[in-house]
Amino acid sequence: MTTQYFAPPACFEGNHVTLPPEEARHVVQVLRHGVGDELVVTDGVGGWFRVVIRFAKKDKIIAEVIEKQIGKGEPSRQLSIGLALLKSTDRYEWFLEKAVELGVTAVYPLLTHHTEMRRFKPERAQKVMIAALKQCGRTRLPLLHPTTELQKCLSTEVDARFLLHEKTTEPNLFERWQVLKPHHTLIVVGPEGGFSEVEVRAALEAGWHMASLGRRRLRAETAAVMAAGLGIWD
């Protein structure tokens, strides 16, 4: 059973789960499953369930839970990524997909001085993240914060905070993270134009670490995904 389905906690009652209609239609009409077949379901808050279908119609499935695990596929450390909104929605959604796959636990869509696109569709973003959650075998959907001004994000208190800046002379991100080995890390990445000097000074004054990703100039979403890759070293 390599396919995983999503049903939020409200879909569970006692030892049974009713799949959301769109999931049920896929199970019945596309994959042709029926009563007696087994599925794997996640609730997005850490629960992994092996279930047996007890009732099946074209847009409704009720299944009985026969096995439950908590935290399957989840990292032991927390990694939050803040990425400024980008001009391309597709590129931002690509980042969201990879962030889920790589073990990120929270995402901040940021507004910064150089942010050009200021519209963000959280419902669409949530769908992209749920699809990635089902594909990669995780059980906890990363927290998607509301669109956040950088200044507010800078006041977030976690174990280690990094602002990625291509002009810094500080050691690269991976080296700094390996030394600190924090339980909860927050990394912020600027938009296409990077962070302004005022924003960099504000981060330094707030006690943030500066870090780079090497000598090459990367796209913003590439830098964010590379930073998210810290999750695979957990």
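Analyst: We can go from the whole chain to the sheet, then to the cores and a few residues. Keep in mind that this is a predicted model.

User: OK. How many helices and strands does the protein chain have?

Analyst: The protein chain has seven helices and 13 strands. Its C-alpha trace spans about 60 × 35 × 30 Å along the principal axes.

User: And what share of the residues is buried?

Analyst: Of the 234 residues in the protein chain, 49% are buried. The accessible surface comes to about 12300 Å², and carbon and sulfur atoms account for 50% of that surface.

User: What about charges, how many positive and negative side chains are there?

Analyst: There are 31 positive and 28 negative side chains, and the centres of the two sets lie 3 Å apart.

User: Let's do the sheet. What is the strand order in the open sheet of six strands?

Analyst: The order is β1-β4-β5-β6-β3-β2, and the pairing is mixed. The edge strands are β1 (4-6) and β2 (12-13), each of which pairs on one side only.

User: How many bridges join β5 to β6?

Analyst: Strand β5, residues 47-57, is joined to β6 by 10 bridges, and the two run antiparallel. They form a hairpin with two residues between them. As one example of who faces whom, Ile-53 stands opposite Ala-63 in β6.

User: What does strand β4 do with β5?

Analyst: Strand β4, residues 38-42, pairs with β5 in the antiparallel sense over five bridges. Glu-38 has Val-52 in β5 as its bridge partner.

User: And how is β3 joined to β6?

Analyst: Strand β3, residues 16-18, is joined to β6, residues 60-70, by three bridges, again in an antiparallel arrangement. There, Thr-18 stands opposite Ile-62 in β6.

User: Changing topic. Which residues have the most contacts inside the largest nonpolar core?

Analyst: They are Ile-81, Leu-83, Phe-95, Leu-96, Leu-173 and Ile-187, in a core of 37 residues. The elements that give two or more residues to this core are β7 (78-84), α2, β8 (106-111), α3 (122-136), β11 (160-164), α5 (173-180), β12 (184-189) and α7 (220-228). Apart from this core lies another, of 17 residues, which includes Tyr-5, Ala-24, Val-28 and Val-51.

User: Where is Leu-102?

Analyst: Leu-102 is in helix α2, residues 89-102. With neighbours within four places again set aside, its contacts are Val-225, Ala-228, Gly-229, Gly-231 and Ile-232.

User: What share of the contacts with a separation of 6 or more is between residues 24 or more positions apart?

Analyst: That share is 73% in the protein chain.

User: Last one. Is Thr-148 buried or exposed?

Analyst: Thr-148 counts as buried because its relative accessible area is 9%, and the cut-off for buried is under 20%. Thr-148 is found in strand β10, residues 148-149. Beyond four places in sequence, Thr-148 touches Tyr-108, Pro-109, Leu-110, Leu-111 and Cys-153.

Methods: Residues are numbered from 1 along each chain as its sequence is written. This is a predicted model: local features need pLDDT of at least 70, side-chain atom pairs count only at pLDDT 80 or more; totals for chains, interfaces and linings use all residues. Side-chain values use heavy atoms; hydrogens and water are left out. Helices (H or I, at least four residues) and strands (E, at least two) are DSSP runs, numbered from the N terminus. Buried means under 20% relative accessible area, exposed over 50%, partly exposed in between (1.4 Å probe, protein chains only). Contact means heavy atoms within 4.5 Å. Accessible areas come from the Shrake-Rupley method with a 1.4 Å probe; for residues, only the protein chains shown count as cover. Lys and Arg count as positive and Asp and Glu as negative; His and the chain ends are not counted. The place of a charge is taken as NZ of Lys, CZ of Arg, CG of Asp or CD of Glu. A nonpolar core is a set of buried Ala, Val, Leu, Ile, Met, Phe, Trp, Tyr and Cys residues joined through side-chain atoms within 4.5 Å. Two strands pair if DSSP finds at least two bridges between them.
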